[in-house]
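Subject: Structure for your review

Dear colleague,

My findings follow directly after them.

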Amino acid sequence: MTSTAVVTLAAVLVIVLGVSFLSRPRGPSTVDFYLAGQRVGVMTNSWAICGDYLSAASFLGVAAAVYVSGLDGAWYAVGFAAGFVPVLLLIAAPLRRFGEFSLADFLGRRMDSDPVRLASVGVVQLVILCYLVPQSVGGGITWELLVGQGLLGLSPYATGVLLSTAVVAVVVAFGGMRGTTWNQAVQFLLLFAALVWLAVVVTADGFRYGDAVHSLSQAPLANPTLGGPEGQDWVLTEETNQMHPGEPALFGEPGARYGPLGQVALVVTLGLGTAGLPHVMNRYFTSPTGKAARTTTVWVLMLIGAFYAMAIMLGTAARDIIPDAVAGRPWLEELTVNGVLHTPEHALPVLGRIYGEQSGLGLIAAAALIAAMSTVAGLLLASAATWGHDVYERHINPKATQRQAVWAGRITTLLGAALAAGLAIALRPEAFAPAMPSLVATMVTWAFAVAGSALTPVLVLAIWWHRTTAAGALAGLLTGAGLSVSMFLTAGLIDTTWLRELLAAPTLVVAPITVAVVVLVSRRTSAPAGVQAHWVQMHGTAADRRAERMARLTRGGMDAR
């Protein structure tokens, strides 16, 4: 282990543990543990949401997807960033005004239905697992590149997965939402600063995005695959053009990975999936008001827009710069074939080392570790909220004390982390490189597919269509989750065709089906009692809500007489 690796890891640990200790919960309250007392300010929450959302998939995966498939990889950034537009317009403010502990809690109370609450818990846990595993994969990749050594007989990759997940699990279990919020806010600022530094140094060195795209598009796009007589040698293989078969795939043109339908399906899946991500949506419950939640989303849109613009630029820069940098750098020769990286997720760390030697590698590696750990923290906390509050408090032990409920959340946090780490160790990114533009980004797409196909349609209808019933919401959740999982699992069994692209990003098809199911079933069943009060709470003005409260008090008084 180099001194740079030691300093980097020590800095990450000091930041994570120090912030968690300083901002730890002040008492055994579930509102404090899960919602940070609902007093998180606009800027702090916008930074924390960015830290929560900009995961290893965003930091390593988007640049990797651009690196390996050019313009088609940029669709990941477009979908990830566009997802906050429907959040701003349709969800943030009403969700916070209604106010609960989690998405499952919101749907359960809005529909006045325990089956809806439990079905929501199942879908939320599925989304969290799909999102959590690739974050742990990102932690393993970063450790492997930064440290290169395993502990206790484990491989470097497995060591990175276990250590990064374990540290975050402990921080979340004992820091709660308050500690996680401040950690994510600080981590986002460090992550953003690392990306800005890299963008500045490559630009100062003469890199120009337009010139690089033009230059890279002069030759067919080729990436490493395992081949040779025994299938163990890396060889460059030209990508097939999915838009115009028979013509070479080019870096600056669409078609290196997806056909027309696949590109639309990917952007829709990522965009709608954002609005249903439980760890992101849960953060809106920590805002003090609905207006603060909406303002927070405006800041989030601006910050993540800048972040993804830099990620696309740096993925292109890595493709353009690394081939000329191999000469005289033996460590880079081991990672490449003819100047192209074996593992596209190495693009940013390698770029950091080229421009900053070990210090640059340490900075980018620290940012990647922070990105993975920050998102893992949000996911584990969302998981804890659903298991601890929606299942344990609501169904297993309704008479639980605040202390018991908090400890239930802590224990489920540790169990969720152990499951994610075990699954991450079973996966190796290199084994999936020929079939996926980036393993980390692709696995996150599965989480977006389930969220966008099941949670988002039901959530939007529950907020904006007062006729939505419990039976309709339940049918929609089960239809959306079942169809999306079936479709992206089926995609792995068929050859590269337009059908496979559609199945791999199924929200374009499944979300309309889910909406239709909710509407049809709701029209045949009765709306829940108290829907008018819920409507005013979500959409009414402050005056409307005061009038509604006065009317309830008046009716209560008259009934009492």
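The helices α9 and α13 are oblique to each other. Their axes come within 10 Å and cross at roughly 40 degrees, and α9 passes α13 in a left-handed crossing. On the α9 side, the contact is made by F188, L191, F192, L195, V196, L198, A199, V202 and T203. On the α13 side, the residues in contact are L303, A306, F307, M310, A311, M313, L314 and I321. As you read the rest, please keep in mind that this is a predicted model.

For orientation, here is the protein as a whole. Its secondary structure comes to 23 helices and 4 strands. Of its 561 residues, 58% count as buried. Among contacts between residues at least 6 apart in sequence, 80% join residues at least 24 apart.

Other partners of α13

Two packed helices are described by the angle between their axes and the distance between the axes. The helix α13, which covers residues 290-325, can be described in this way against two further helices, α5 and α15.

How are α5 and α13 oriented, roughly parallel or roughly antiparallel? The axes of α5 (residues 71-82) and α13 come within 10 Å and cross at roughly 175 degrees. An angle over 145 degrees counts as roughly antiparallel, and α5 is therefore roughly antiparallel to α13. In this pair, A74, A77, F80 and A81 of α5 meet L301, I304, Y308 and I312 of α13.

With α15, the axis of α13 makes an angle of about 55 degrees, and the two axes are 10 Å apart. This makes α13 oblique to α15. The crossing of α13 past α15 is left-handed. Here L314, A317, A318, I321, I322 and A325 of α13 meet A347, L348, V350, L351, I354 and Y355 of α15. Please note that L314 and I321 of α13 also take part in the contact with α9.

The helix α6

Just after the helix, G99 takes a positive phi of about 70 degrees.

Individual residues

Two residues other than glycine have a positive phi. D112, in the loop between α7 and α8, has a phi near 50 degrees. Its relative accessible area is 56%, so D112 is exposed. E357 has a positive phi of about 50 degrees although it is not a glycine. E357 is placed in α15 (residues 347-396) and counts as exposed at 51% relative accessibility.

Lastly, G482 is found in helix α19 (residues 470-491). With a relative accessible area of 34%, G482 is partly exposed. G482 and S453 are 29 residues apart in sequence, and their C-alpha atoms are 9.4 Å apart in space.

With kind regards

Conventions:
Residues numbered from 1 in each chain as written. Predicted model: local features only at pLDDT ≥ 70, side-chain atom pairs only at ≥ 80, totals over all residues. Heavy atoms only, no water. Axes fitted to C-alpha atoms, helices over the stretch in contact; angles between N-to-C directions. Parallel < 35°, antiparallel > 145°, perpendicular 65-115°, else oblique. Left-handed = near helix turned anticlockwise from the far one by under 90°. Contact = heavy atoms within 4.5 Å. Buried < 20%, exposed > 50% of the residue type's maximum accessible area, 1.4 Å probe, protein only.
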